[in-house]
Amino acid sequence: MPEQQPTSLVRTLASSLWFPLFFILGFVLCYLLPFHAPAPHHVPVVAVGEQLAQQLDAKFAAALPGGVDVTAVPDAAAAKSAITDREAVAAYDPASGQLFYAKANGAALVQFLQQMFAPVAAATGHALTPVDLVPTAAGDVMGTGLFYLLLAMNIPPYVTVMVLLRAELTTRQKLLCLVGVGAFAAVVCYSAGRILNVIPPHPIVLLLGFMLTQAVGWTTFGLVPLVKQFIPGVAMSLFVLLSMPSSGGAIPKELVPPFFQFFHLLLPLGQAADSIRGVLYFDGARSWPGITGLAVWCAIGVGLTAATQWHAKRKRENDPEAVAEAGSYEHRDDGDAIVDPTFEPPRPAHHRTLAGTIRLAGDLPARGAVVTVTDAAGNQLARVDADTEGWYEVHDLPDRFVTVVAAAPGAAPAASRVSVPAGRSEHDFALTPTASGARR
């Protein structure tokens, strides 16, 4: 095999290794950056009494600029309602030194809240008394069980699309498989969560989990013909690198930088986490934004898939040759217009191709014919078998004269010295049957 030129080697390495390098950089930027030092960012809290609220607001603004947003409420009952209605994540009552919170918002947040309000309680002559108004399920000690169940519904649809796009199935069959995998994931994850007592019982989790799988799966499938070989990076960015830090699952969203907070209710994982948490622990309070967002993502996925199918069908009808030359991203699939890329980057365009027919006397195709290409030094550059019609193609030939030898059983071989220009050119062979071949 001839040695690759430096530019060709660099191009090959770049097309092959861009995704793992992107993956490394993405994890460093999207995981280490937001998680290495969690800190409060616009944490909504309430305090009983207007005067205390103003004092706390000034105190936190000086100690934690942009970290805490304080609002006043009239009494302890209103403070508790602010927690259960998901208007705030903490509420302080100076009369009793009680700090109301909801562990269901994330156990990691509780530690920060206690550190923030312990000096406040001491200043009012109280020992801080934490009161958990909304505890998590008994089996979810760390408060992250829901997040891990959602991961099992968020990542597999993306992987499923990559696998199904390589399968010999129609688009309809692939999408039905995607629906089946989503239903399976929702049932298994909900069942596991209940068996381990990680989540409280509520059947709507099945529906919302299924919506998450379809939002990710259909959107990934619909994006494929638009971004082509970059689909791993695009899908990974949307549904893993940006989604996981912003979901509020592993680390509460109040403890990650504002950049990631911005994506919390824009991406499906955060929408699912927010809506399901609201349903399970807060009687549905503020769940509708997340549910609506999941529905919108599902609609986007279906719309993208339908639009790309329609476009591929029109393109195939108007220019069949262009579709045939489009490589692995557009092709006919069992009667439907299918957009069907593989996980790997598309094959590079062949710059110099030699093609033609190998025939015998009487214009019969030379069955079992073989074409061998060598350079001036006799080094073999390529060897291909012709098809049953005697047709052959040799790709990526060098920019110099080569020797092309065609041979077939029962015929004398023929050789030609040719120079292959850029693009595609044809060279036919007519072989002469040998005496033994003629007798057969």
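This is a predicted model: local features need pLDDT of at least 70, side-chain atom pairs count only at pLDDT 80 or more; totals for chains, interfaces and linings use all residues.

## Stop one: a covered helix

Now select helix α3 itself, residues 76-84. Which of its residues are buried? Color Ala79, Ala82 and Ile83: these are buried. Look down the axis of α3.

## Stop two: a pair of helices

Next, select α5 (residues 145-164) and α7 (residues 204-227). Their axes come within 8 Å and cross at roughly 30°. Angles under 35 degrees count as roughly parallel, so α5 is roughly parallel to α7. The crossing is right-handed.

Show the side chains where the two helices meet.

- From α5, pick Leu150, Met153, Asn154, Pro157, Tyr158, Val161 and Met162.
- From α7, pick Gly209, Leu212, Thr213, Val216, Gly217, Thr220 and Phe221.

What kinds of residues make this contact between α5 and α7? Nine are nonpolar, five are polar and none is charged.

## Stop three: a serine in a loop

Finally, go to Ser247. Find Ser247 in the loop between α9 (243-246) and α10 (258-262). Is Ser247 buried or exposed? Its relative accessible area is 0%, so Ser247 is buried.

Now display what Ser247 touches. Leaving out residues up to four places away in sequence, its contacts are Phe147, His264, Leu269, Gly270 and Ala273.

Key. Residues are numbered from 1 along each chain as its sequence is written. Side-chain values use heavy atoms; hydrogens and water are left out. Axes are lines fitted to C-alpha atoms, for helices over the stretch in contact, and angles run from 0 to 180 degrees between N-to-C directions. Helices (H or I, at least four residues) and strands (E, at least two) are DSSP runs, numbered from the N terminus. Angles under 35 degrees count as roughly parallel, over 145 as roughly antiparallel, 65 to 115 as roughly perpendicular and the rest as oblique. A crossing is left-handed if the near helix is turned anticlockwise from the far one by less than a right angle, and right-handed if clockwise. Contact means heavy atoms within 4.5 Å. Ala, Val, Leu, Ile, Met, Phe, Trp, Tyr, Cys and Pro count as nonpolar, Asp, Glu, Lys and Arg as charged, and the others, Gly among them, as polar. Buried means under 20% relative accessible area, exposed over 50%, partly exposed in between (1.4 Å probe, protein chains only).
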